[in-house]
Amino acid sequence: MENVIKGLLEQYSVTHTGFSRLEKPLSLSFYQNWLYNSFQGNMDYLQEHLPLKSEPQSLMPEARSAIVLAYPYSTHEWGHNFPLKHLKVASYARKKDYHRWLKKKVDDLCLDLKKLFPGEEFLGFTDAAPIMERDLAHRAGLGWFGKNTCLIDKKNGSLFFIAEIYTSLDLSSPLELPYDHCGTCNRCVEACPTGAILENKTLDATKCISYWTIEEKSVPEESLRENFQGWLFGCDVCQDVCPWNGKIARSLPSPTEKGITQELQWILNSSNHQIMKALKHTPLARAGARGLKRNALIVAANLKVQDVLE
């Protein structure tokens with residue numbers, strides 16, 4: 001049965017996949033402690049999702065197993081009309097919003113699985129659902145937890161999205177969990193510009209550039225924002241320095257000082273409607289026009305772009 005499913009997945013640009021029985025998450029107590037220490041900042045929904053994450057079947061009572069899928073960033077279409085080709089934007093966000101295309105791909109896969117197993121049920125999810133997906137992916141053999149909290153695979157690094165399909169099928173989990181190959185490497189911890197990566201594979205979101213440029217609506221303290229290193233949306237530093245991502249080819253922009261200045265001016269001089277219209281199909285829409293303008297001002301201050309600050 002597992003081999004039949006893997007044969008189907010080969011048609012869906014999946015880099016690697018695995019299966020796991022739906023059971024209490026292995027890292028649940030770690031997650032509870034993380035919430036207790038308020039490392040989630042103002043992302044209150046993470047606390048609200050705790051009961052659902054604790055009981056995987058709460059989203060699909062008849063589910064017995066999960067098919068966990070990994071899709072590399074490179075599989076989704078490059079945004080040819082993406083207006084920000086010079087400012088620092090997390091690589092996953094320079095293309096169409098993965099919540100849209102990935103959910104559709106997973107839903108299509110569910111339909112194909114239903115044809116193969118007509119008596120069974122299938123329900124697809126992306127990270128928008130209250131699922132401890134990295135825990136589930138780890139249990140399914142897709143990778144280990146890196147010190148930067150990303151899931152890492154020896155062959156595919158960490159530059160991939162995770163999706164899952166809950167099913168009534170009884171699928172077997174790997175006999176052994178993936179080995180932790182981070183070893184003594186501490187590059188991600190040392191490279192984090194704001195010191196957001198703590199010991200014991202813990203991320204303090206209240207210090208994380210991605211949190212501040214995407215989730216948080218207020219203005220960070222000056223002592224924090226002066227270390228943002230010009231990131232407009234998200235941050236790739238902890239993944240860029242990871243040795244396991246060193247061999248993964250990526251198409252990255254070549255910024256120029258003039259290009260950075262022009263793009264900052266576009267954000268600050270455009271109306272909120274114009275910004276959202278241009279970015280509505282990308283992950284940047286989550287920050288909102290107001291958030292992007294705040295971020296643009298911080299970038300201008302970081303890089304000392306006088307044409308914007310004057």
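Lys115 counts as exposed, because its relative accessibility is 66% (buried means under 20% relative accessible area, exposed over 50% and partly exposed in between, with a 1.4 Å probe and protein chains only). This residue forms a salt bridge with Asp112, and the closest N and O atoms sit 4.0 Å apart; a salt bridge here is a side-chain nitrogen of Lys or Arg within 4 Å of a carboxyl oxygen of Asp or Glu. Asp112, at 23% relative accessibility, counts as partly exposed. Both partners belong to helix H5 and are three residues apart, about one turn of the helix. Helices (H or I, at least four residues) and strands (E, at least two) are DSSP runs, numbered from the N terminus.

The model is a predicted one, so to speak of local features takes a pLDDT of at least 70 and side-chain atom pairs count only at pLDDT 80 or more, while totals for chains, interfaces and linings use all residues. Residues are numbered from 1 along each chain as its sequence is written, and side-chain values use heavy atoms, with hydrogens and water left out.

Helix H5 (residues 98–116) holds another such pair, Asp107 and Lys103, four residues apart or about one turn of the helix. Their closest N and O atoms are 2.8 Å apart in a salt bridge. Asp107 is partly exposed at 30% relative accessibility, and Lys103 is partly exposed at 28%. Then there is Glu121, whose side chain meets that of Lys114 in a salt bridge at 3.1 Å, N to O. Glu121 has a relative accessible area of 36% and is partly exposed; Lys114, at 30%, also counts as partly exposed. Elsewhere, salt bridges with shared partners join Arg21, Arg64 and Asp170 into one network. Over the whole structure, the search turns up nine salt bridges.

On to the rings. The whole structure has twelve aromatic pairs (rings of Phe, Tyr and Trp, the last by its six-membered ring, pair if their centres lie within 6.5 Å; planes under 30 degrees apart are stacked, over 60 edge-to-face, and the rest tilted). Tyr92 and Phe161 have ring centres 6.5 Å apart and planes at 85°, so this pair is edge-to-face. It links distant parts of the chain, with Tyr92 in the loop between strand E3 (88–89) and H5, and Phe161 in strand E7 (residues 160–167), 69 residues apart. Both Tyr92 and Phe161 are buried. Phe125 and Tyr166 also make an edge-to-face pair, because their planes are at 65°, with ring centres 4.9 Å apart. Phe125 is in strand E4 (residues 122–125) and Tyr166 in strand E7, so the pair ties together parts 41 residues apart in sequence. Phe125 and Tyr166 are buried too. Ring pairs also gather Tyr71, Tyr73, Tyr92, Tyr98, Trp101 and Phe161 into a cluster.

As for the overall fold, the protein chain has 14 helices and ten strands. Its radius of gyration is 20 Å, close to the 19 Å from the globule rule for 310 residues, so the chain is as compact as a globular protein of that length (the radius is taken over C-alpha atoms, and the rule is 2.2 Å times the number of residues to the power 0.38). Buried residues account for 50% of the 310 residues. Of the contacts (heavy atoms within 4.5 Å) between residues at least 6 apart in sequence, 74% join residues at least 24 apart.
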